[in-house]
Amino acid sequence: MLEQYSAPLRVFVQLSYGYGASDWNARWNRGEIPGINEPYAYGYYRAAGPDTVVVQSEDRRENFFSRMLRYGVRLVAGFDFMQAWRNREGILSADVVWTHTEAQALAVLALYQLTPWAAHPPLIAQSVWLMDRWPHEPVWRRLLMQHLLSRADMLTFLSPENMKQARSIFPGKRLEWVAFGICADAMPQRKRAPRPAGAPIQVLSVGNDRHRDWQTLIDATAHLPGGAACALTVATARSIPTPAHVTRVAVTHNDDLFALYDRADLVVVPLGENLHASGITVIEEATVRGLPVIATDTGGLRHYFDDRCVKYVPVGDAAALGQAIVALAGDPALCAAMVERARARMRTDLNSHAYAQRHLALSHELLAQQAQGLVVESSTVMQQARAMKITVGIATSGRPAILRETVAELQRQTHVPARIIVCAPTPEDVAGLPDAPNLSIVQGARGLAAQRNVILDQAGDADLVVFFDDDFIPDRAYLAQCANAFAGNPDIVVATGRVLADGAKGPGLSVAEARAILADPGSNPVAGLSVVRPTWSAYGCNMAYRLSTIREAGLRFDERLPLYGWYEDIDFSRRAGALGLIACVNGARGVHLGSKLGRTPGRKLGYSQVANPLYLAGKGSYPLDHALRSIARHLAMNTLRSLWSEPYIDRRGRVVGNWLGLRDAVLGRIKPENILSM
């Protein structure tokens, strides 16, 4: 957060009538909101903390006339303006406003239009059904919605398919996919006994969305392959056919819904063509309750769960759906594996905490851009930045626990990396790293330069390749800030971010400490700083490169700098910098833990502190006067501190290495590779 937001960030969440904070909480406490819900609607409150206050809209008590007025305005406009008007004080006094669907977004934007004298907080305008509704709306209403939504600071969508369609209607607008998640704090183990042989397969389907394809589900379960019997329970408020094998229930209490989940063998989400990830809430609820899911392959659901987590069938294909039901019901091991993989996704990315935190990260990014004078409205630069494919490369060794935390933070970036490539010498170095669609693990010879070259070879068609140390924790807007800088400054070839704290200069920092620093409003005072500024070289713990330039020049990390590769970052960034600008991106911030695990032994590192600067001076990538000053500084520091050595640094070993390096320099036999035989 920025210096001017040293007071807690005030977030106001505008929701539909009926979702007011007080009324919702009272009904939730009584169990009257069926589903795995939150004390406050959609879990936005999970973004609250010491530096963030989250307030949700309230519902005003209505009499007959006030209700008819609200309904009348909603009928004409297509959105509930009266609900926004009644909450205008909270909306206009906030630092940032969030909405859940396009109806609330349109209402807030109409409020902004009618209050030109007031300050209007940035709006993150989320859409759910907008693109499905769009072709069916009258022309005048489409023009009104386009006029209003074009003035939102950011448009977010729960489905990439929805977002893709919106690009043609809102060209140049900032569009983001935000994955919706429900409460996943507890995932109880199923205690249901195995289904007896010949017993009907208990199929459950839940939902009220108009895109539910009940007829295909009823047809599929009426005559299952092999003559298998089926008992289908449909929990919906909608009217549907109910042949003998179908039971329709209208659930009004949570206990009743959970009882339905507990009696079922599997859950089916039958869908017609749609763009808005219809059914995602039911899929996540079923996963939390430990049930395997079959879903129609539409609406962008695969962006949430791949086919190892959910069994997908084509739209309207009753035969394929029937076969899938029989296949899953007869394979308990497969069902258990699917549930566990789906639960792993929910534990990390698809939960209400991650959903709320994504909104918070996007808010910080918006506020940072505005404070730094970046244009966040329609522009070629912003379009190019959003379209940039970023590959993140991590060379790792000996830190699997920290690596898992770093990769988890990368998956939460507001600009999600197209690929994360982790290069490790042994499988033990990546133990416990969870699978992800954009994560690749490759093996390379031990050594920072060698491992980073493997990553360059694997970087594919990325626009940017960003190298992070395995113990660098980036702010969630880091990659977005880099993309903005490279898109807006074609001369930039190399960029590095702002390191808010560097544990390498001390005993090291924990992941918890790093996150606290990133969350501290006073830790990153960028107000008044330029967006980018020239710098002499990039710091290897976090550095980004324009991949096309690197490849055209045939640049490689120098593998003559072995193991830790002391100054390999200076060498590579200075050689790349000869082709363009080396920049520091002030908004791209992070914390370097400086972990002492997996470090090069003191004697070897001490030798590299002498050998590597001299070698690079000979290459011409590092001035000789810089090299001599660096050697003198480290020799003096190591010698003095060896008298009262820090417990986490082998100062005496470094001193020995320094003097061995000086000896070899005098004898004319100094080479960086000598440390491999020490």
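**Aromatic pairs in a predicted model**

Visitor: How many aromatic pairs does a search of the whole structure find?
Guide: The model is a predicted one. Searched as a whole, the structure gives a count of aromatic pairs of 24.

Visitor: Are the rings of Phe 468 and Tyr 478 stacked or edge-to-face?
Guide: Their centres are 5.0 Å apart, and their planes meet at 75 degrees. Planes over 60 degrees apart count as edge-to-face. The pair is therefore edge-to-face.

Visitor: How many residues apart in sequence are the parts that this pair, Phe 468 and Tyr 478, ties together?
Guide: Phe 468 lies in strand β16, residues 464-468. Tyr 478 lies in helix α18, residues 478-488. The pair therefore ties together parts whose separation in sequence is 10 residues.

Visitor: Is Phe 468 buried or exposed?
Guide: Phe 468 has 0% relative accessibility. Buried means under 20%. So Phe 468 counts as buried.

Visitor: What is the geometry of the aromatic pair of Phe 472 and Tyr 478?
Guide: The centres are 6.0 Å apart. The angle between the planes is 80 degrees. Both residues, Phe 472 and Tyr 478, are buried. The pair of Phe 472 and Tyr 478 is edge-to-face.

Visitor: Which residues do ring pairs link into a cluster?
Guide: The links are ring pairs. The cluster holds Tyr 19, Trp 24, Tyr 42, Tyr 44, Trp 98, Phe 180 and Tyr 355.

Visitor: At what distance from the ring centre of Phe 258 does Arg 289 lie?
Guide: Arg 70 lies over the face of Tyr 17, 3.9 Å from the ring centre. Arg 289 lies over the face of Phe 258. For Arg 289, the distance to the ring centre is 4.4 Å.

Key: Residues numbered from 1 in each chain as written. Predicted model: local features only at pLDDT ≥ 70, side-chain atom pairs only at ≥ 80, totals over all residues. Heavy atoms only, no water. Phe/Tyr/Trp six-rings, centres within 6.5 Å; stacked < 30°, edge-to-face > 60°. Helix = DSSP H or I, 4+ residues; strand = E, 2+ residues; numbered from the N terminus. Buried < 20%, exposed > 50% of the residue type's maximum accessible area, 1.4 Å probe, protein only. Lys NZ or Arg CZ within 6 Å of the ring centre and 35° of its normal.
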